Amino acid sequence: MIRPMTRPAYRLHLRPLRLVLFVPLVLLSALLVLAVRAEDAGRGRDGAETILIGADLVLTAAGRAVRDGWIVVRGGRIVHVGDRVGVREGEPGVRVLRVRGVLAPGLIDCGSGIGIRGRAAEEASEVTPGVRVRDSVDLDHPGFRRALEAGVTTVAVSAGARNVIGGLGVVIRRGVGPARIEDVVLREDAFLDVSLVEAAAAGNVAPRGSPPLTIYYRIPNTRMGTVFLVRRAFGEALGLTAEGTRPENRSKQAPWVGSGEVASPFYNRAKRAPWVGFEGFEVDALAAALRGEIPLRLRADDRREIETAFRIMDEFGLSWPGLSVSIVGAAESLDLVDELARRRSSLLLHPGGYPRGRRPEADPDYTPRLPALLARAHVPFAFASLDGPDVPLLRERVALGLRHGLDEATALHALTLGAARILGIDRRTGSIERGKDADLVLLAGDPFTPDGRAEAVFVDGELVHHEGPTEVAEGTTIILARRVHDGKGGEHPAGIVLVKGGKVRYVGPGPLAASLGRPLAIVDASRATVIPGLIDGGSSAGLRVDMLGPAISPGSGSAGAGARPELRVADAVEPGDPDFETLLRAGFTTVLLSPDPVGPISGEVSAWKTGARSREDALLSPRAALVLRSDLRIDELRKAKDYRARREAFESERAKRARSGTPPERGSLKPPEKPPDHPPEKVAETLAGEPAQDQAEDLARDLAEDATETPAEQRAEKPTAEPPEKDDALEAFLPLLDRSIPAVVFAPSPEAMLPFARTLAKDFGIRVVAAPTGRADRIVAELKGLGAGLLLSVPLELIDEFETVHLPRAAASEGIRFAFRSGVAAGGAGLPAQVGLAVRAGWSSREALIAMTSAPAELFGIADRVGSIAEGRDADLVFLSDEPFAPTVRVLGVMTGGEMRFGAGDMVTREGIVNPAGGEDGR
Amino acid sequence: MNVLRVRGVLAEIRALSGLLVRRMGIPLAAALLSSALAPSRLAGKDARPWDPLPHPSAAHPSGQDPSARHPSAEEPERSSAAARPARSRAAAPPTAIVGGKVVTITRGVVEGGAVLLSGGRIEDVLPEAPGDLGARGYAVVDAAGLWVLPGFVEVHSHIGGSDINDMVYPINPGFRVVDNILPGNPLLERAQAGGVTTILFLPGSGTNLSGFGAILKTGGDTLDDVLVRSPGALKVSQGGNPERRGGDLGSSQMGMTTLLRSALLEGRRHAERVEAFESGRSAERPPFDPSLENFAGVFRGDLPVLVHTQGYLLVHQTMRLFHDELGLRVIIGHGTFEGSELSPEVARRGIRVANGPRQLRFDRERGSVVGLARRWADGGVEDLCVNTDAGVVPQEELFFQAAMAVRLGLDEETALRAITIHGARALGLGDRLGSIEEGKDADVVVWTGNPLDARHRVVLTLVDGRVVYDARTGPRRF
């Protein structure tokens with residue numbers, strides 16, 4: 001328990017774990033050498049290093065909140081808190097950490113089972129006041145680590161409610177790494193648990209027919225038994241019982257023999273004396289608690305249990321000032337708040353769960369209101385996760401109480417200083433005040449918002465947990481953001497993005513020292529929201545009409561007699577086209593250039609980056625999809641499938657023979673049969689016009705029958721020694737059949753789309769991206785069933801007679817993967833605004849962003865490069881003035897391939913060191 | 001100063017007489033007249049020492065037996081349950097029930113009378129309603145054409161809370177149900193709709209000595225509101241259900257009786273030590289023992305012993321052990337089968353009987369049905385009760401037990417008394433409950449007619465002067 005006033009000078013070398021966590025951050029700076037030298041050289045007179053920790057906001061939990069505050073830590077203790085400090089960076093022995101976010105005291109869990117190996121209770125007896133929970137606590141238990149990650153630095157470990165009198169609890173502040181016991185155990189014999197809840201009677205058994213052969217054949221099986229054992233133990237501890245019934249004598253007493261007329265029938269303990277094996281210290285521990293030397297905890301949940309606790313307190317005189325009695329659990333204490341205040345007992349609430357009491361119908365908000373009422377009545381309270389061996393979600397659950405009138409300051413107090421006072425450790429921890437241990441938690445946002453996650457945790461001023469990057473390579477660009485949306489639904493408040501070599505290397509919580517790293521480029525977007533570059537799923541930007549063949553000329557309008565699948569739109573692109581710059585400034589970093597559906601086979605789609613300097617950089621994927629129209633002759637596909645089957649058969653035969661070493665026997669192999677001719681005219685004619693629904697169904701049936709009559713595999717079952725003749729027209733279909741690219745499918749109506757898409761998907765296994773017109777919502781479910789994707793184009797909202805149809809919402813509700821296509825060139829810059837309107841009409845902006853980023857990237861097979869902010873992806877980022885799709889949102893800047901293409905206002909500073917808090921170094 | 005002195009003297013007199021009453025078991029008036037009157041603890045009904053008992057709240061503000069508490073804490077504040085006067089009683093609004101047929105039970109029937117309730121007590125019973133009730137602030141209930149009765153008293157019930165059978169040991173005198181009570185639970189709410197306003201909530205009967213019960217009102221949301229007395233009675237089961245435990249000592253009838261006898265003898269020794277200390281005969285303070293503490297009240301006669309007993313053998317043993325040997329205040333619970341054949345013997349000893357829920361047996365020799373309540377009454381048992389053993393039989397069907405008794409030969413008047421004043425007297429609360437009399441608790445029930453007629457039902461139930469069930473305005477629960 002005794003701590004040295006000073007610590008060894010600089011303990012990096014002694015503490016390898018800390019080294020791992022902290023030093024890489026320092027390493028990224030050229031200052032590293034200087035810094036270490038300075039520290040080496042500048043050990044203070046007391047030999048302790050001085051650490052300055054600055055944050056946007058410091059919540060002391062002791063009545064102060066300091067904006068842009070600094071905490072000075074020396075020897076693990078806080079020596080100063082304020083907005084100015086007298087120590088400067090660069091002074092010998094001074095280390096400076098300027099962090100972004102809110103610094104609060106480390107949180108305290110007033111009762112948990114963290115760290116206990118094996119059973120939480122010593123079940124040999126129901127009454128075990130002398131056992132020490134500490135002896136069951138494994139300091140290497142991962143639960144401590146998880147608690148730290150949740151911002152909980154101090155944990156009161158308790159024997160729980162299983163035993164009637166459970167044992168002596170211990171308060172542990174674990175930190176990380178090997179640690180000295182006296183640094184870790186804040187309070188030994190910190191409290192004694194007494195259980196009045198059902199759990200105390202659970203697990204014991206009563207005889208039915210014959211006595212069970214188990215130690216659990218014992219009382220209590222009911223509340224009556226629980227209370228009896230508590231009262232008897234209290235009486236014994238207070239020395240009120242007769243000598244003959246003292247526990248140490250009781251084991252010698254046979255219940256029925258030797259004591260005169262009749263023996264005591266009440267204990268019946270020849271077989272199992274509850275106190276056997278325990279010596280006087282058992283009673284002593286309880287006696288100490290009843291004398292007020294050890295805080296007493298009475299676990300009581302429902303009202304009658306709480307009133308029973310009161311009754312026992314009264315009977316044994318446990319209400320005097322100075323005696324520390326806590327009621328633990330106390331879910332039904334709403335009506336007993338005044339009584340609790342009168343008794344000067346504190347409350348340890350279960351932060352979540354909130355059992356609603358017996359009459360939820362009378363008051364649905366029954367217990368969440370409790371913390372606010374307790375605060376008003378000045379009943380001290382804190383939170384205990386109770387019994388669970390796992391991480392307490394204290395902060396998250398206490399937020400429930402805020403919805404019912406608890407103010408944030410009180411809530412934070414209950415999680416920190418209030419808890420420390422109840423545990424009797426407030427001289428050491430619980431608040432950010434001079435003289436206390438520097439146990440701090442860095443929250444990304446306000447404590448009780450979802451953003452208020454614990455990003456970093458300090459114990460004794462040393463970083464023990466940090467979510468940020470542990471390694472930042474030289475030449476990295478650090479992008480500081482107010483918020484990062486990764487394009488796949490994830491968010492990082494106050495997050496950062498690390499970029500190197502044109503690729504994203506990291507996204508997530510920031511590093512701690514923004515002032516480190518002069519060779520780094522820092523993009524300060526701390527007032528901006530960062531999203532992945534947007535993707536237009538169907539654009540004609542940069543397409544030069546004069547370079548297109550007649551079949552895919554937008555103007556030709558021919559019904560596709562001359563359509564050629566091998567025609568590539570990529571060949572018609574002019575990368576220097578000003579359209580790309582327009583799109584880039586609107587936030588589009590990738591466009592899928594797509595021929596219009598002018599023929600049954602309209603050509604190939606290619607993916608382009610808008611911000612690239614050369615054609616090579618710009619071309620992301622020369623062949624991202626094939627555009628088909630629903631009047632395609634299925635025969636063509638069938639031929640292609642057959643062609644593919646023959647080729648595969650040939651390849652596999654050749655491979656087999658190569659393995660076995662036998663040359664192919666010419667005579668044994670027949671040349672491939674010619675596939676039977678199917679009359680495709682009917683199909684094409686039917687589809688050319690607007691087919692009625694029934695016609696479409698007939699067609700679908702015909703197609704399905706055709707496909708099942710003679711599967712290609714059967715027809716090609718005889719392997720051939722001859723390679724099939726290369727057919728360029730059929731080759732173009734192969735990526736479709738391989739599923740390496742999708743088919744973008746157009747149809748004159750949703751009714752025509754469905755049978756065609758079904759044939760493609762089911763009979764040919766082709767990945768379909770449907771680009772429907774009109775009431776797409778009617779076929780979304782079926783398309784989803786086919787595994788198809790969806791490309792929506794404006795208008796996103798249709799008015800169909802009396803019904804307003806919101807296409808994105810319909811698509812989202814079916815869970816289909818979908819994206820948007822503008823279908824035009826530079827005009828695609830208006831697409832975000834259109835989607836924004838859809839968001840305002842009641843669609844989720846998170847889903848909208850996915851539909852404009854990762855969804856098209858996945859549909860077109862380019863997700864390994866673009867569409868999300870993730871490690872290894874291209875650093876194509878858009879900086880927004882506000883959240884995506886907010887009414888007034890502007891694009892402040894765009895980065896592609898790790899380079900800023902443009903930046904507006906003062907958002908971006910390149911090649912400089914920027915302190916997000918402003919000022920030279922934050923002081 | 002004078003006032004203080006007078007108050008002090010009065011308090012001393014009251015304490016002395018209370019002590020005499022509790023210590024020696026003689027009526028309050030007799031105690032004041034003569035302290036030399038020697039009580040006979042073991043003999044017959046002439047010397048029955050407990051009737052009427054002082055109002056428990058007069059004896060001790062908590063209604064609890066003070067000596068039952070261990071002597072450690074110097075008068076700590078009483079429990080929340082008992083320290084403060086019931087909130088509902090103090091706040092109960094004045095109510096007048098006028099125009100009904102008032103069946104007072106103890107003072108005859110008042111046709112068209114008025115029952116005035118205030119402060120949670122019955123203020124007055126008048127032959128006719130005064131005209132100025134409204135002006136005097138009474139809420140007037142028009143009971144014209146209806147019957148007005150006292151709330152029923154159930155002496156054997158298990159619906160006051162949960163977990164009442166801890167069956168590890170056969171003898172559990174340290175257990176008490178007061179910690180298990182769930183006030184206002186749905187079963188109690190239904191009991192109100194059957195006109196039941198007071199129950200003796202008992203533990204057991206899975207073990208021979210299953211603990212101490214508590215007396216509760218059925219109306220009220222908190223323990224403060226509902227608790228009348230804890231401990232209310234000792235619960236003993238002589239045979240039957242405890243035999244299911246088996247395997248341990250006490251698997252035979254003689255074993256069980258030995259267990260009970262030795263427990264009670266040890267309890268008596270403790271009670272004697274308490275009495276010796278309190279009367280100053282001994283300077284030795286008895287040690288705290290939660291297993292024994294409540295026996296002081298039992299042997300002092302403050303607490304009845306409700307013995308779950310049935311059949312000739314067990315009734316006989318109950319008489320012998322609990323009454324003849326130990327001189328306890330016994331209520332025979334159930335009292336079914338041939339046990340009723342012992343009714344003259346039982347009656348001679350002043351033992352009470354609470355019969356039910358089985359109201360009849362078939363006599364094979366005679367080939368005819370025997371009404372058990374009638375049999376007990378014919379034997380001369382005074383203050384005969386009937387009981388439901390709720391939730392064996394729903395608590396709201398207590399009236400039906402009485403109706404069955406009538407069908408099987410009991411007279412109507414005794415049947416009504418069996419679920420009102422007799423129960424109250426058996427519990428030692430005859431001066432507080434069980435009839436419509438000035439000064440008693442305002443537990444009053446308005447019926448559409450005679451409760452013994454199954455066609456009639458409860459219209460309105462008041463507990464401690466507060467309406468807890470009103471079928472005129474709310475849903476009908478029974």
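Q: Leaving aside its neighbours within four places in sequence, which residues is Phe234(A) in contact with?
A: This is a predicted model, by the way. In it, Phe234(A) is in contact with Ile165(A), Val194(A), Leu286(A), Leu290(A), Leu296(A), Ile312(A), Phe316(A) and Leu318(A).

Q: OK, and which residues have the most contacts inside the largest nonpolar core?
A: Phe234(A) is one of them, along with Leu296(A), Ile327(A), Phe322(B) and Val346(B). That core has 168 residues.

Q: Which helix gives the most to this core?
A: Helix α5 of chain A, residues 223–237, puts in eight residues. There's also a second, separate core of 76 residues, and Leu543(A), Trp608(A), Leu760(A) and Ile779(A) are among them.

Q: Switching to rings: how many aromatic pairs are there over all chains?
A: A search of the whole structure turns up 13. One of these is Phe212(B) with Phe295(B), an edge-to-face pair at 6.3 Å centre to centre, with 75° between the planes.

Q: What does that pair tie together?
A: Phe212(B) sits in strand β8 and Phe295(B) in helix α8, both of chain B, so the pair links parts 83 residues apart in sequence.

Q: Is Phe212(B) buried or exposed?
A: Buried, because its relative accessibility is 1%. Phe295(B) counts as buried too, at 0%.

Q: Which residues do ring pairs link into a cluster?
A: Phe152(B), Phe399(B), Phe400(B), Trp447(B) and Phe478(B).

Q: And which residues form a nonpolar patch on the surface?
A: Leu360(B), Phe362(B) and Val369(B), with about 270 Å² of accessible area together. Val369(B) belongs to strand β14 of chain B, and at 45% relative accessibility Val369(B) counts as partly exposed.

How values were computed: Residues are numbered from 1 along each chain as its sequence is written. Chains are lettered from A and ligands numbered from 1 in the order in which they are written. This is a predicted model: local features need pLDDT of at least 70, side-chain atom pairs count only at pLDDT 80 or more; totals for chains, interfaces and linings use all residues. Side-chain values use heavy atoms; hydrogens and water are left out. Patches are made of residues with over 30% relative accessible area and no salt bridge: like charges are joined within 9 Å, nonpolar side chains (Val, Leu, Ile, Met, Phe, Trp, Tyr) within 5 Å. Accessible areas come from the Shrake-Rupley method with a 1.4 Å probe; for residues, only the protein chains shown count as cover. A salt bridge is a side-chain nitrogen of Lys or Arg within 4 Å of a carboxyl oxygen of Asp or Glu. Helices (H or I, at least four residues) and strands (E, at least two) are DSSP runs, numbered from the N terminus. Buried means under 20% relative accessible area, exposed over 50%, partly exposed in between (1.4 Å probe, protein chains only). A nonpolar core is a set of buried Ala, Val, Leu, Ile, Met, Phe, Trp, Tyr and Cys residues joined through side-chain atoms within 4.5 Å. Contact means heavy atoms within 4.5 Å. Rings of Phe, Tyr and Trp (its six-membered ring) pair if their centres lie within 6.5 Å; planes under 30 degrees apart count as stacked, over 60 as edge-to-face and the rest as tilted.
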